[in-house]
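Please prepare a short briefing on helix packing in this model.

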Amino acid sequence: HSDRKPAEITLAAQLSEGSPGLAMDMDVEDEVAKRRTALRILERASRGEGFAQLFADTAALGKDRESSFEELIGIFYGLLSDLLELTARLKAPVLRNPNLTRELEGLAKTVDSSWAMRAIAAVDELAAGARRNLNRQLGLDAMAASLSPAGAAGARTRG
């Protein structure tokens with residue numbers, strides 16, 4: 001990929017989290033698109049609205065055969081790690097997805113660190129399901145639904 005622009009090389013290095021081989025092989029546009037889709041899922045789930053579009057986004061990730069389920073789960077963990085740093089109001093957060101800083105800061109204004117922790121727990125459940133060959137689409141849908149305000153209320157009454 002010697003035809004890459006310096007900004008694309010920098011972004012590939014950031015998104016690969018220190019793995020030079022991954023950075024060199026990375027389709028940066030595709031990685032950015034997956035992260036944007038995952039972030040949209042988190043945003044819509046946090047608001048509990050737009051379920052038709054929310055499930056269209058989970059379907060897009062669910063059908064992505066270029067990425068393993070574990071890679072998709074890693075994308076959610078990275079976004080939620082960033083969100084946790086932002087909701088904790090750290091003075092100088094070190095984001096794993098610096099290209100999405102503006103969008104992450106916007107979401108951090110509408111959720112708190114307890115929501116981010118709940119979301120991480122939902123991704124933990126998704127990861128456990130992935131090890132049991134859970135259907136990607138169903139797992140992503142269930143995770144997103146559990147993060148909506150209605151899903152949270154249901155989880156509290158069941159607990």
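Predicted model: local features only at pLDDT ≥ 70, side-chain atom pairs only at ≥ 80, totals over all residues.

Residues are numbered from 1 along each chain as its sequence is written, and side-chain values use heavy atoms, with hydrogens and water left out.

**α4 and α8**
- Helix α4 (residues 51-62) and helix α8 (residues 136-147) cross at roughly 145 degrees, and their axes come within 9 Å.
- Helices are DSSP runs (H or I, at least four residues) numbered from the N terminus; axes are lines fitted to C-alpha atoms over the stretch in contact, with angles from 0 to 180 degrees between N-to-C directions.
- In contact (heavy atoms within 4.5 Å), Leu54, Phe55, Thr58, Ala59, Leu61 and Gly62 of α4 meet Arg136, Gln137, Leu140, Asp141 and Ala144 of α8.
- Six nonpolar, three polar and two charged residues make up the contact of α4 with α8.

**α5 and α6**
- The axes of helix α5 (residues 69-87) and helix α6 (residues 101-108) lie 9 Å apart at an angle of about 60 degrees.
- Leu79, Asp82, Leu83, Leu86 and Thr87 in α5 touch Leu104, Glu105, Leu107 and Ala108 in α6.

**Buried side of α6**
- Glu103, Leu104, Leu107 and Ala108 are the buried residues of α6, buried meaning under 20% relative accessible area with a 1.4 Å probe, protein chains only.
- Viewed down the axis of α6, these residues fall within an arc of 140 degrees, so they line one face of the helix; the arc is that of the directions from the helix axis to the C-beta atoms.
- The buried residues of α6 pack against α3 (28-47) and α5.

Notes. Helix = DSSP H or I, 4+ residues; strand = E, 2+ residues; numbered from the N terminus. Nonpolar A, V, L, I, M, F, W, Y, C, P; charged D, E, K, R; others polar. Buried < 20%, exposed > 50% of the residue type's maximum accessible area, 1.4 Å probe, protein only.
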